[in-house]
Structure formats: structure tokens, C-alpha cells
Amino acid sequence: MSTASTAPYVERLTVPLRWWVQGTMFVATLWLAMSVSMPAALAWGLTAAILALLALGFISYGGARIVVGDGALRAGRAQIEASFLGTAEALDPDAARRLAGQDADARAYLVLRPYLKRAVRVAIEDPADPAPYWLIATRHPDRLAAAITALTRR
């Protein structure tokens with residue numbers, strides 16, 4: 001059985017629709033500039049390649065996942081067992097911005113996206129781990145914090 005199907009919380013940090021629209025408009029602008037300055041076949045070929053790279057970049061950047069389940073928290077490429085997790089606190093946009101900026105600890109593990117304004121701060125209680133906390137951007141901070149809290153109580 002897959003982790004995602006048994007997990008109480010799964011979120012993928014996909015890029016917003018407006019990024020796709022703006023990216024497509026940018027590629028269309030490039031096509032227009034290329035179509036008047038080079039042969040049509042070359043302009044179309046380059047435009048297709050640029051569009052493919054744009055899509056690959058957006059899919060890759062938006063592919064970060066947050067999974068709470070099976071006794072662990074996974075955020076991006078990192079994973080930590082529930083026994084090492086402390087309190088999980090849902091942050092409003094202002095608190096998340098401060099904790100990612102002026103009040104940040106350089107040792108913290110961050111999974112942030114500029115298009116997500118809210119986050120969850122998870123205290124780390126592993127003395128061997130240099131990260132004092134994880135700061136995880138999310139669209140649903142209350143649900144994520146509740147899932148982490150439920151995981152640590154098991």
C-alpha cells in the first residue's frame with residue numbers, strides 16, 4: 001500500500017495557475033519576437049523547447065510534497081520520525097514571513113514557496129539534529145498542524 005493512501009495528511013505544493021498563465025504569455029511573446037527574426041520552423045522549434053523547459057521547471061518546483069503518516073513527517077526531500085517531533089504551530093502570513101526572515105534561525109530546515117504565505121513551525125526534539133525547527137509552507141496550516149499533533153500523540 002502506498003504512503004499517500006494511508007497518510008492522514010498529504011499535500012503537494014504545486015505552483016499556482018497564474019504562474020502557468022504568465023509563463024505561457026512569456027513564451028508567446030518570445031515566439032512573436034522569434035517569428036519575425038528567423039525562419040518559422042526554427043521559431044516554432046525553439047518555442048516548443050522553451051515551453052517544455054518552463055513546464056518541466058514548474059512541475060519540478062511544485063513537486064514538493066508534505067506527507068504526515070506511517071510514523072513520520074516528510075517535507076520536500078527530508079523525513080523525520082514522529083518521536084523526534086515537538087509542537088506544531090500553524091502560522092498566519094505575518095508570523096510565517098517573520099520566521100522565514102528577520103526571526104529565522106539559520107539552522108532551521110525550510111520548505112518554503114513564495115506563492116504560499118502561511119506555514120507551520122514544527123519543533124525538533126532530537127538532540128543530534130542541528131535543526132531547531134522545520135518551517136513548512138502550506139495551503140492548510142491548521143490541518144497540517146493538527147495532523148502532526150495527532151502523529152506525535154500516537
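**Strands, a sheet and a buried arginine**

Biologist: In which sense do strand S1 (residues 9-12) and S2 pair, and over how many bridges?

Modeller: This is a predicted model, in which local features need pLDDT of at least 70, side-chain atom pairs count only at pLDDT 80 or more, and totals for chains, interfaces and linings use all residues. Residues are numbered from 1 along each chain as its sequence is written, and side-chain values use heavy atoms, with hydrogens and water left out. Strands are DSSP runs (E, at least two residues), as helices are (H or I, at least four), numbered from the N terminus, and two strands pair if DSSP finds at least two bridges between them. S1 and S2 are antiparallel, and their bridges number four.

Biologist: Which residue in S3 stands opposite valine 68?

Modeller: S2 is joined to strand S3 (residues 72-75) by four bridges, and the two run antiparallel. In S3, the residue opposite valine 68 is leucine 73.

Biologist: How many residues of strand S2 are buried?

Modeller: Buried means under 20% relative accessible area, exposed over 50%, and partly exposed in between (1.4 Å probe, protein chains only). S2 (residues 65-69) is largely enclosed by the rest of the structure, because the buried residues number four of the five.

Biologist: Is leucine 17 buried or exposed?

Modeller: Leucine 17 lies in helix H2 (residues 17-35). Its relative accessibility is 65%, so leucine 17 counts as exposed.

Biologist: What is the nearest side chain of opposite charge to arginine 74, and how far away is it?

Modeller: Arginine 74 is in strand S3 and is buried without a salt bridge. A salt bridge needs a side-chain nitrogen of Lys or Arg within 4 Å of a carboxyl oxygen of Asp or Glu; Lys and Arg count as positive, Asp and Glu as negative, and His and the chain ends are not counted. The nearest side chain of opposite charge is aspartate 70, at 4.6 Å.

Biologist: Which strands stand at the edges of the sheet?

Modeller: Four strands form an open sheet of mixed pairing, in the order S5-S7-S8-S6. Each edge strand has a single partner strand, so one side of each is left without a neighbour in the sheet; these are S5 (85-91) and S6 (109-111).
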